[in-house]
Amino acid sequence: MRRRTVPAARLRKTALAEALQVGLVEEIQNLLGVEAIEDLDFEALETAVRHRALQIAARALEQQQRFNSDTSDAASGAQRPCACGQMARYVDRRSKCFQTALGDLTLERAYYHCPACQSGFCPRDRALGLDGSLSPAVVRMIGAVGSTVSFEDGSGLLNELAGLHIVSKQVERTAEALGAEVAEDERSHVDPVPSSEIAPTLYLGLDGTGIPVRPKELEGRRGKQEDGSAKTREVKLCTIWSAESRDEEGVPIRDKGSVTYSAAIESAAASDTDAQRSEFAERVLREATRRGFDRAARRAILGDCAPWIWNIAAELFPSATQIADRYHVKERLCMIAKAIHGPADPQAKQWAKLHHDQLDAGDIDSIIQALTEHSQNCEEARKGIGFFQTNRQRMRYPEFHAQGLCTSTGVVEAGCKVAIGERLKQSGMHWTVRGADAIIALRCARLSGRFEDFWERRSVRRKVA
Ligand SMILES: [Zn+2]
């Protein structure tokens, strides 16, 4: 658009700015009243002043030359292509009230109607990024609260912090729609990090965690309930981090800010006849490409030893070092100890401690021997034998430690809690797969520091559409 540099326009602009300022100062004086400063209810005052300041700003925006008087979005008789492929005709200018970061704002925009498909639209809404009756800044706020707390709490926070009245159902709809956009953006944008920014050693953790879902999402699925039914669906999580930092004892620890997450309710199983990778393998590959895992000088993959984890590791990164997450293995030993001795028996603790030490020392033979002694009477011990035999190459902890590798960071475990559990596993929650995936995508983007990049791409996309 041509820049207005004529003196008259500049004068009007200055006059408006001055009037605004004077108006606000007067308002504040009125709100302050004549009381002594000490007698003021400051909280009430700041809230009232903020509300008024935003209101004045909203009114000023509505009156701006460039805003509601700009009718370049349509001239009489104009036509525009409709989404259906036919042409829509200009009807008139229509005003609509939108919820914005400044409060309610009324905009006038050109309205088009398509006789072929009988639908109407306002091109300017799309250009400005207006969704339904919400401005982009409000949608962003909804994304922030909806990915962090329940939709109901989010509705309350928006009211308390931003003075917005948005019912929880709308928070849910908007956050899930935004999350679906984030998920789509994640699938289509894999910008690899420059090689100079890749840490010498990168770690990739894989894990799964069940989230409660609605009954219709479980039809025909086998689960862990006694009758064979399921209550949850498994979210699979891929975490990538570096651990160049050392603690006081020289043990490698996770570098602050180096963790990224990508997760979804996806299958990790590729059928034998199918040459294609599983959905989740594709996700792992995207995340690894983004982070430069495939280009790191040294790569390690950590997991709890569920078979799908090593299948993906072998399929995508056959040369990476496979490490059984020591945290998970120790948890398993605790579980076996309780199964052998009974959960309350002090011997269970002793047994676990002894075999934790053997595990740290890489003495897998002694663990297998101890399990064999109990295998007749204890199902968990019997199953444990197979587990330690199958995964012993992934438990060469003394060797891994000598190489300066992390073997039990808790990052993967914490990742499941932080990225998934804290938001999606609260009591009383029953997700749809679509809704859960959307909120997970939103959470992963925010926790991985990628929300801003997404937002910039979103804004550009809307401009060209
Ligand atoms: Zn149409």
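Helices (H or I, at least four residues) and strands (E, at least two) are DSSP runs, numbered from the N terminus. The model is predicted: local features need pLDDT of at least 70, side-chain atom pairs count only at pLDDT 80 or more, and totals for chains, interfaces and linings use all residues. Residues are numbered from 1 along each chain as its sequence is written.

Glu-219 sits in the loop between strand E5 (201-212) and strand E6 (232-242). A residue is buried if 20 or more other C-beta atoms lie within 10 Å of its own, exposed if 12 or fewer, and partly exposed in between, with C-beta atoms placed from the backbone. Glu-219 is exposed because it has 7 C-beta neighbours inside 10 Å. Tyr-261, in strand E9 (residues 260-264), is buried, with 24 other C-beta atoms within 10 Å. Two C-alpha separations involving these residues are tabulated.

| Residue pair | Separation along the chain | C-alpha separation |
|---|---|---|
| Tyr-261 and Ala-419 | 158 residues | 7.4 Å |
| Glu-219 and Ser-155 | 64 residues | 32 Å |

Contacts are taken between residues whose C-beta atoms, placed from the backbone, lie within 7 Å. Not counting residues up to four places away in sequence, Tyr-261 touches Leu-237, Thr-239, Gly-415, Ala-419, Cys-444, Leu-447 and Ser-448. With the same exclusion of residues up to four places away in sequence, the contacts of Ala-263 include Val-235, Leu-237, Ile-420 and Ile-440.

A nonpolar core is a set of buried Ala, Val, Leu, Ile, Met, Phe, Trp, Tyr and Cys residues joined through C-beta atoms within 7 Å. The largest such core has 84 residues, and Tyr-203, Leu-204, Ala-263, Ile-420 and Ile-440 have the most contacts inside it. Helix H15 (residues 433-447) gives the most to this core, with eight residues. Apart from it lies another core, of seven residues, including Ala-110 and Tyr-111.

The axes of helix H6 (residues 168-188) and H15 come within 7 Å and cross at roughly 65°. Axes are lines fitted to C-alpha atoms, for helices over the stretch in contact, and angles run from 0 to 180 degrees between N-to-C directions. H6 and H15 are therefore roughly perpendicular to each other, a class that covers 65 to 115 degrees, with angles under 35 roughly parallel, over 145 roughly antiparallel and the rest oblique.

In helix H4 (residues 136-146), the buried residues are Val-138, Val-139, Met-141, Ile-142, Gly-143, Val-145 and Gly-146. The buried residues of H4 pack against strand E2 (87-100), helix H5 (151-162), H6 and H15.

Conventions: Contact = placed C-beta atoms within 7 Å.
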